[in-house]
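Q: I have not looked at this one before. Can you walk me through it?

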Amino acid sequence: MLGEQIIKGMAVTARNFFGSYVSKERLTTVQYPEERLVPKENTRQFPFLVYDGDDAEKGLRCVACQICEKECPPQCIYIVKSKDKKPDYKGQPQLYPLTFDIDISVCMSCSICVEVCPFESIKMDTEFELSTDDRFAGLLLHKQDLAKPNSHYHQVHAQDAKDSDAVIAGEKAKAEAKARAAAEKARAEAEAKAKAAAAAAAPAPAAPPPPAA
Ligand code: SF4
Ligand code: SF4
């Protein structure tokens with residue numbers, strides 16, 4: 001029937017509208033900004049950079065690989081790499097971003113930067129109250145604005161953050177096992193070398209006496 005779906009939609013709206021006077025479950029809106037809904041696990045607004053520990057600079061997971069910068073469809077990420085290196089969460093020396101900017105007036109919240117990051121460094125935040133009358137500087141977020149602790153990640157995306165921690169713990173364990181195996185190999189090689197050197201330095205056995213005439 002023509003318009004059947006419109007009538008069905010209107011019926012749902014009417015049921016919720018009148019039902020909201022008697023049942024709280026039918027009330028689908030809140031008195032914002034006094035009241036706020038808790039964002040759902042999959043809510044995403046703009047990206048932020050995760051850091052571990054208490055020091056945003058030291059604990060920043062980003063290694064300035066620039067993959068996100070290349071893959072961002074509207075090209076709103078700008079990164080300048082450091083010249084020196086600092087240890088990453090696996091203890092390996094890595095570059096870090098001297099500059100990491102995101103122009104959120106251009107960002108389209110697609111989350112591609114999150115998907116391509118191999119270091120669990122960039123995640124989507126749920127913060128949406130970012131309006132400002134400064135169209136340019138006010139919407140250009142710098143590294144210090146973007147850096148947030150892992151505890152924030154757990155607060156906004158609890159399940160994702162747990163999965164991310166598990167990935168990092170797995171990689172750390174793998175790196176530690178590799179380092180242990182390398183140390184063991186080096187120790188065995190050094191032992192073998194020392195044994196060979198000792199054997200080479202030992203005096204040659206005396207020649208047997210000549211037979212009696
Ligand atoms: S969410 Fe999308 S548009 Fe925004 S910075 Fe990431 S890749 Fe770019
Ligand atoms: S956020 Fe991830 S993908 Fe982007 S530069 Fe840092 S480590 Fe690379």
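This is a predicted model: local features need pLDDT of at least 70, side-chain atom pairs count only at pLDDT 80 or more; totals for chains, interfaces and linings use all residues.

Q: OK, ligands to start. How many residues surround ligand 1?
A: There are 14 around ligand 1, and the closest are C72, C107, C110, I112 and C113.

Q: How does that shell divide into nonpolar, polar and charged?
A: The shell around ligand 1 has twelve nonpolar residues, two polar ones and no charged ones.

Q: And which residues surround ligand 2?
A: The stretch C62, V63, A64, C65, Q66, I67 and C68 is among them.

Q: Switching to strands. What order do the three strands of the open sheet take?
A: The order is β2-β5-β7, with antiparallel pairing. The edges are β2 (77–81) and β7 (140–141); each has a single partner strand, so one side of each has no neighbour in the sheet.

Q: How many bridges join β2 to β5?
A: Five, and the two strands run antiparallel. Within that pairing, Y78 has D101 in β5 as its bridge partner.

Q: And how many bridges between β5 and β7?
A: Strand β5, residues 97–103, pairs with β7 over two bridges, again in the antiparallel sense. D103 is bridged to L140 in β7.

Q: What holds strands together in a sheet, in general?
A: Backbone hydrogen bonds, in either a parallel or an antiparallel arrangement.

Q: What about β1, is it covered or open?
A: Mostly covered: strand β1 spans residues 47–51, and five of its five residues are buried.

Q: Which strands does β1 pair with?
A: One is β6 (residues 122–124), antiparallel over three bridges, where F48 is partnered with K123. Another is β8 (residues 147–149), joined to β1 by three bridges and running parallel. There V50 has K148 as its bridge partner.

Q: New topic: helix α7. How far apart are its end C-alpha atoms?
A: They are 64 Å apart. At 1.5 Å a residue, the 44 residues of α7 (158–201) should span 64 Å, which agrees.

Q: How many of its residues are buried?
A: Zero of the 44, so α7 lies largely in the open.

Definitions and conventions
Residues are numbered from 1 along each chain as its sequence is written. Chains are lettered from A and ligands numbered from 1 in the order in which they are written. A residue is near a molecule or strand if its C-beta atom, placed from the backbone, lies within 6 Å of it. Ala, Val, Leu, Ile, Met, Phe, Trp, Tyr, Cys and Pro count as nonpolar, Asp, Glu, Lys and Arg as charged, and the others, Gly among them, as polar. Two strands pair if DSSP finds at least two bridges between them. Helices (H or I, at least four residues) and strands (E, at least two) are DSSP runs, numbered from the N terminus. The expected span of a helix is 1.5 Å times one less than its number of residues. A residue is buried if 20 or more other C-beta atoms lie within 10 Å of its own, exposed if 12 or fewer, and partly exposed in between; C-beta atoms are placed from the backbone.
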